[in-house]
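Here is a set of questions and answers to work through with the structure open beside you.

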Amino acid sequence: MFDSLETVSILALYSAMIIYALAFIFYTIDLSGRASSPGQQSGQVTRWARVGYSLTILAWLLHTAATVMRGIGAHRVPWANMYEFALTATAVTVTVYLVAQFFLEILYLGTLITGLALLFLGITKVGYYVPIAPLQPALDSYWLLIHIIVAMLAVGFLTLSFGFSVLQLLQTHRIKQQNSGKTPALKFLAGIPDAISLENFSYRVAIIGFVFWSFTLVAGAIWAERAWSRYWGWDVKEVWTFVIWVLYAGFIHARATRGWRGTRSAWLSVISYSAVIFNFSIVNVYFKGLHAYSGL
């Protein structure tokens, strides 16, 4: 029975990836339309964007089903190794994007979100997939639920912040080209918010992500005490979790009190998110320590 559930999970994952790819195409068509109609208001939603958003919801449902089926088949929460964590964290990131749309029109981020989801899921399936295995003793704690849940929520919000920062850098470059008399290469950016608005969005979303990441540190320390009888041991994973916290604390503090604005702020946001990706893709695989639960 559980083998069949895992098969269903993989089929649902493949289906989700196909639909994410279709959503990516529709979002891209929407951006192309913004390029051909540079006067289009950033709040105006085209039918291409609506279709892309609807496809994203459908892909998210299949993605979530794949995650749930993996968990049911494993008889536990589905984030005991890198494959399962990436599967769940990507679903949470898309969830944050879908929910955020109810509060702020950010369909222009759809290309980046679906593109990242497709990329992460493809790499995860090819490079990180492992068969279902029992939970390791150190992971058998309710603090695992708290620690990982807040970590995934943090990654979701920090991914949105990263997306805003990337668009801010591109928007700033477009404006510089325009002011210098050159023909802007990225015409579609005329149909999205200006660089200042994007910077504000990135900053506010990063604060939410930073709060969740702070809880990740605290919950991880409590879990470490339960598992290894110490709150902190300078394990490589602990160190990188702290490094990420420091980077985002620096980003928020520099912008709020030191007056870091514009491209400096955006690049610090991008560097901070790069540390998140490095922590997951490099530290988890190549640095062995007490947190070596990748299953690879």
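Predicted model: local features only at pLDDT ≥ 70, side-chain atom pairs only at ≥ 80, totals over all residues.

Q: How many salt bridges does the count come to?
A: The pairs include Arg 70 with Glu 84 and Glu 199 with Arg 255. A salt bridge here needs a side-chain nitrogen of Lys or Arg within 4 Å of a carboxyl oxygen of Asp or Glu. By this rule the count is four.

Q: Which helices hold Arg 70 and Glu 84?
A: The side chains of Arg 70 and Glu 84 meet in a salt bridge, at 2.8 Å from N to O. The two residues are 14 apart in the chain, and the pair links distant parts of it. Arg 70 belongs to helix α2 (residues 47-74), and Glu 84 to helix α3.

Q: Is Glu 84 buried or exposed?
A: Glu 84 also forms a salt bridge with Arg 76, where the closest N and O atoms are 2.7 Å apart. Arg 76 has a relative accessible area of 13% and is buried. The cut-off for that word is under 20%. Glu 84 has 0% relative accessibility, so the residue counts as buried.

Q: How many residues apart in sequence are the parts tied together by Glu 199 and Arg 255?
A: The side chains of Glu 199 and Arg 255 meet in a salt bridge, at 3.3 Å from N to O. Glu 199 lies in helix α6 (residues 195-228) and Arg 255 in helix α7, so the pair ties together parts of the chain whose separation in sequence is 56 residues.

Q: Which ring does Arg 255 lie over?
A: Arg 255 is buried, with a relative accessible area of 7%. Glu 199, its salt-bridge partner, is buried as well, at 6%. Arg 255 lies over a ring face at 4.4 Å from the ring centre, and that ring belongs to Tyr 203.

Q: What does helix α7 reach from its first C-alpha to its last?
A: Helix α7 covers residues 236-257, which gives 22 residues. At 1.5 Å a residue, 32 Å would be expected. The helix comes close to that, with a reach of 31 Å.

Q: Which residue with a positive phi follows α7?
A: Within α7, the buried residues include Ile 244, Tyr 248, Phe 251 and Arg 255. After the helix comes a residue with phi near 75°, and this is Gly 259.

Q: Are the rings of Phe 85 and Phe 280 stacked, edge-to-face or tilted?
A: This pair is one of 11 aromatic pairs in the structure. Planes under 30 degrees apart count as stacked and those over 60 as edge-to-face. The ring centres of Phe 85 and Phe 280 are 5.8 Å apart and the planes are at 35°, so the pair is tilted.

Q: Which residues do ring pairs link into a cluster with Phe 85?
A: Phe 85 is buried at 18% relative accessibility, and Phe 280 is buried at 19%. Phe 85 lies in helix α3 (residues 82-100) and Phe 280 in helix α8 (residues 263-286), so the pair ties together parts 195 residues apart in sequence. Ring pairs link Phe 85 into a cluster with Tyr 128 and Phe 280.

Q: How far apart are the end C-alpha atoms of helix α4?
A: Helix α4 (residues 110-128) has Tyr 128 and Lys 125 among its buried residues. Its 19 residues should span 27 Å at 1.5 Å a residue. The distance between its end C-alpha atoms agrees with this, at 25 Å.

Q: Which helix gives the most to the nonpolar patch?
A: The patch has an area of about 510 Å², with Ile 18, Leu 22 and Trp 48 among its residues. Ile 25, another of its residues, is partly exposed at 45% relative accessible area. With five residues, the helix that gives the most is α1.

Definitions and conventions
Residues numbered from 1 in each chain as written. Heavy atoms only, no water. Helix = DSSP H or I, 4+ residues; strand = E, 2+ residues; numbered from the N terminus. Expected span 1.5 Å × (residues − 1). Buried < 20%, exposed > 50% of the residue type's maximum accessible area, 1.4 Å probe, protein only. Phe/Tyr/Trp six-rings, centres within 6.5 Å; stacked < 30°, edge-to-face > 60°. Lys NZ or Arg CZ within 6 Å of the ring centre and 35° of its normal. Patch = residues over 30% accessible without salt bridge, like charges linked within 9 Å, V, L, I, M, F, W, Y side chains within 5 Å. Areas by Shrake-Rupley, 256 points an atom, 1.4 Å probe, with all protein chains shown as cover.
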